[in-house]
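This report goes through a structure one topic at a time. Please keep the sequence and the 3D view at hand while reading.

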Amino acid sequence: MTAMEQSSVALSGGKRRSCIDRRKLTERVIWTAGIALILAFLYIPIAVLVAYSFNASRSLSWPMTGFTLDWYRRLAENDQLIEAVWNSLYVATCSTALTLTIGIPAALALHSINFPGKAVFRKLVLLPIALPGIITGISMLSMFRLLDLPLSLETVIIGHATALLAVVVTQVYARLQRLPVSYGEASADLGANGLQTFFLVTLPNIRSAVVGSGLLSFTLSFDEIPVTFFLTGRDNTLPMYIWSTMRRGVTPEINAVGALIVAVSAILIIMSVLLLRDKNAVR
Amino acid sequence: MSRARSLRTALVLSPPLLWTVLFMFVPYTILVVCSFWRAQFPLFVPDFQFGNYLTLVQDPQYVRVLLRTLKIAALTSIFALLLAYPYAYFLVFKVRRPGVRLALYMVVVAPLWVSYLLRAYTWKTILGTEGVLNSFLVSTGILDEPSSVFLYNQAAMVVTLTYVFIPFMVMPIYAALEKIPRSLIEASSDLGENRLATFLKITLPLSMTGVVAGFTMTFCLSFGDFIAPVLVGGPDGLMIANVIASQFGAALNWPLGSALALVMLVIVLGVISASDRFERLGKGTLS
């Protein structure tokens, strides 16, 4: 082979490689651009929400007019809003506690007890996950009305606990399924009774699912509209207050509430990720 | 021992059973019964007649709302799928570092923790006549004057609902794609199939359970939504949930509202059971 032939072979090989490289590069660019677009679609609205909470002018238009904390100051002075926040905290705390006390036994029952009507029970408990909240809302409203029960924050709590049951049951049930049966058996062999086994063996092992679904229930309840809309009396929760303000028009005060909610959510997300990582590290 | 055991079983079982009977079974039953009642001052009188259902069939406005709602929910699910599938595919097959993958996954799921109401509201502020998009387009000279085409129409609703519910599409598709053994894809390319064929014959069919689960979730959630129509839907954007809400509010016709809610319930249950059947079918062919 002459030197020229050799170099031509090397050249064509190089050419082919660069051709493949270029195709890979184009593909990579297209993927990155597509993913970037999707992320922009997801996050530009949130950025807009937060950015305009600091905008000096009342109208939400481009360009922004200057920096102010005025909208936050107004929030701090808004008694109705603060009351709504307290109401929401009350509702979310109670309904989370309630839904956990009912949901954990429900998951245990679905996991390890056979009883007549189990299939119906499972369907009924899991229904609200895909069922529009409005149906839970109006069916409970009709019942409370027939019972002549006045609507209040407590009826909202009952509604939320019912709607969120599915969240707790699915997560705890999934965790229980991955728990080796031998744990419970070993505990029983060592003389523990059922209650001891539950609190000393089962519960610590499903802790991450309980905490995770509890946090999720709390957030969902704090944010809930469709059930609250029908079941609340004169007291407003935060979303209901925001909703009624929103219907009157757009104001940067809502953006300020939104920015605060985004901040709190971000903290919760980071907390739950850390929690998840701890669990993985232990295992 | 066995008595103690059955007592314990009863103790575990009774709270959830009582709760589901009292707050799910009874209310749903009342809803069914109420749909046969008659609206009369102050609220309703017990009866057994099909008048409410007849109204729903005969009055064209209800059929129209129902069809519109189905259309919006279907479009939302399709758009969410078109965005979510490539995204999940990218995460599973293109991202090598597990840390980056987790981060990109969390980035999509995280908005679920941010108030749903505010995520819908922010689109109202973006798309409005005096909103961010309009003023941006005017200030850059693309538009001469603010346009009203962005807000208060069905497109705005589809965009908003897609935005709000897309995490529910990404999660199951990601889970399904992640479960596909890499060896299958390698085997396919070793056997000389090109990447498109591999995708169409291996990846796509094996991820269908995730697609169906995501589609079902997104469809049902947007089908029952009544926030987005009010915020961005405009006068002819009302969906079925808004009509139900108004029957229980201003229109004060609870029996008709109950009947409408039952129609909604039947459709949702139909979609769910169809997707369940599909899932079982898929498992059958795999094993």
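## A covered helix

A residue is called buried when its relative accessible area is under 20%, exposed when that area is over 50%, and partly exposed in between (1.4 Å probe, protein chains only). Helices (H or I, at least four residues) and strands (E, at least two) are DSSP runs, numbered from the N terminus. In chain B, helix 11 (residues 240–248) is mostly covered, with eight of its nine residues buried. Those buried residues are Ile240(B), Ala241(B), Asn242(B), Val243(B), Ile244(B), Ala245(B), Gln247(B) and Phe248(B).

## Basis of the model

This is a predicted model, in which local features need pLDDT of at least 70 and side-chain atom pairs count only at pLDDT 80 or more, while totals for chains, interfaces and linings use all residues. Residues are numbered from 1 along each chain as its sequence is written, chains are lettered from A and ligands numbered from 1 in the order in which they are written, and side-chain values use heavy atoms, with hydrogens and water left out.

## Salt bridges

A salt bridge is a side-chain nitrogen of Lys or Arg within 4 Å of a carboxyl oxygen of Asp or Glu. Over all chains, a search of the whole structure finds five salt bridges. One of them links the side chains of Lys94(B) and Glu27(A), at 3.0 Å from N to O. Lys94(B) belongs to helix 3 (residues 60–94) of chain B and Glu27(A) to helix 1 (residues 3–51) of chain A, so this pair joins two chains. Both ends are partly exposed: Lys94(B) has a relative accessibility of 29%, and Glu27(A) has 24%.

Within chain A, Asp70(A) forms a salt bridge with Arg73(A), and their closest N and O atoms are 2.6 Å apart. These two residues are both in helix 2 (residues 70–77) of chain A, three residues apart, which is about one turn of the helix. Asp70(A) is partly exposed at 25%, and Arg73(A) is partly exposed at 43%. In chain B, Lys201(B) meets Glu193(B) in a salt bridge of 2.9 Å, N to O. Lys201(B) counts as exposed at 55% relative accessibility, whereas Glu193(B) is partly exposed at 31%. Salt bridges that share partners also join Glu27(A), Lys94(B) and Arg195(B) into one network.

Lys and Arg count as positive and Asp and Glu as negative; His and the chain ends are not counted. Where is Asp225(B) found? Asp225(B) sits in the loop between helix 9 (195–223) and helix 10 (228–233) of chain B. Asp225(B) is buried yet has no salt bridge, and the nearest side chain of opposite charge, Arg119(B), is 9.5 Å away. A polar atom of the Asp225(B) side chain lies 3.2 Å from the backbone nitrogen of Ile227(B).

## Surface patches

Patches are made of residues with over 30% relative accessible area and no salt bridge, where like charges are joined within 9 Å and nonpolar side chains (Val, Leu, Ile, Met, Phe, Trp, Tyr) within 5 Å. The place of a charge is taken as NZ of Lys, CZ of Arg, CG of Asp or CD of Glu. Accessible areas come from the Shrake-Rupley method with a 1.4 Å probe; for residues, only the protein chains shown count as cover.

A patch of positive charge on the surface brings together Lys24(A), Arg28(A), Arg96(B) and Arg182(B). Arg182(B) is placed in helix 8 (residues 182–190) of chain B and is partly exposed at 39%. A negative surface patch is made by Asp79(A), Glu83(A), Glu154(A) and Asp235(A). Asp235(A) is in the loop between helix 10 (226–231) and helix 11 (238–248) of chain A, and is partly exposed at 31%. Leu75(B), Ile78(B), Phe79(B) and Leu82(B) form a nonpolar surface patch of about 350 Å². Ile78(B) is in helix 3 of chain B and is partly exposed at 40%.

## Positive phi angles

Asp148(A), a residue other than glycine, has a positive phi near 60 degrees. Asp148(A) is in the loop between helix 5 (133–146) and helix 6 (153–177) of chain A, and is exposed at 67% relative accessible area. Tyr152(B), also not a glycine, has a positive phi near 60 degrees. Tyr152(B) lies in the loop between helix 6 (132–139) and helix 7 (154–179) of chain B, and counts as partly exposed at 40%.

Technical notes. Polar contact = N/O pair within 3.5 Å; in protein donor to acceptor, adjacent residues only side chain to side chain.
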